[in-house]
Amino acid sequence: LANIYFWLIPAMQITHLLGMSVLMGSAGLYGLRLSRGFDQPGIAASAGAGLLPWIIGAALVQSLTGVFMVLHRPTRAFDSLMFLPKLALIVLGLSLFLVLLYRLKRQTSERLSVMLRLAGASLFSCWMAIALAGRLISFIRAG
């Protein structure tokens, strides 16, 4: 049993990092595609259709492995000044992503291009901030 535990923690951490890579790549690419701007709502709505399963799958992997790592070492997470901001950024990023999916299906405005550019840049920036906050959890500790 001790041998399984010895490999379980590194396996979860590696899976979390791989999930982060897939999520950052997929969500980042989606944000960058949106930030290019489109003239036709149909094209904008389908811009990330192929990325959606990757984003959802990676978000689930991230959630499961993240919960495992917090349960394994709760003091590491809760003693960090970056843990709560990271959780807030995750909620913001997922909310922005879901709002974008909803709005793209119903958007017919001529201002679509400007809105998409801003939303795409915001989404991309949010995911980058989440990755940075995750790295800083180990380094920024409460007093």
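**Notebook: a first look at the rings and helices**

I started with Phe 83, which is buried, with a relative accessible area of 10%. In these notes buried means under 20% relative accessible area, exposed means over 50%, and partly exposed is whatever falls in between (1.4 Å probe, protein chains only).

Before going on, I noted that this is a predicted model, where local features need pLDDT of at least 70 and side-chain atom pairs count only at pLDDT 80 or more, while totals for chains, interfaces and linings use all residues. Residues are numbered from 1 along each chain as its sequence is written, and side-chain values use heavy atoms, with hydrogens and water left out.

**Entry: the ring pair**

How many aromatic pairs does the structure hold? I found 1 aromatic pair. Its rings belong to Phe 78 and Phe 83, with centres 5.1 Å apart and planes at 75°, so the pair is edge-to-face. For such pairs, the rings of Phe, Tyr and Trp (its six-membered ring) must have centres within 6.5 Å; planes under 30 degrees apart count as stacked, over 60 as edge-to-face and the rest as tilted.

**Entry: confidence and layout**

I then looked up pLDDT, the predictor's confidence in each residue, from 0 to 100. The chain has a mean pLDDT of 80, and 81% of its residues reach 70 or more. Which element has the lowest mean pLDDT? That is helix H2 (residues 41-46) with 56, while helix H3 (residues 52-72) has the highest, 90. A reminder to myself: where pLDDT is low, the predicted coordinates should not be read in detail.

The chain has 6 helices and 0 strands, which reads as α-α-α-α-α-α along the sequence. Helices (H or I, at least four residues) and strands (E, at least two) are DSSP runs, numbered from the N terminus. Of the 143 residues, 34% are buried.

Ile 55 is in helix H3 and is buried, with a relative accessible area of 4%. Leaving out residues up to four places away in sequence, I saw Ile 55 touch Leu 23, Ser 26, Ala 27, Tyr 30 and Phe 97; contact here means heavy atoms within 4.5 Å. Ile 55 and Met 24 are 31 residues apart in sequence, yet their C-alpha atoms are 8.5 Å apart in space.

Thr 65 also has its place in helix H3. Thr 65 is buried at 5% relative accessible area and touches Met 12, Thr 15 and His 16, again not counting residues up to four places away in sequence.

**Entry: Phe 124**

Phe 124 touches Gly 28 and Leu 32, with residues up to four places away in sequence not counted. Phe 124 and Tyr 30 are 94 residues apart along the chain, and 8.0 Å separates their C-alpha atoms. For the chain, among contacts between residues at least 6 apart in sequence, 84% join residues at least 24 apart.

**Entry: the surface**

My last stop was Phe 139, in the segment after helix H6 (112-136), which is exposed at 59% relative accessible area.
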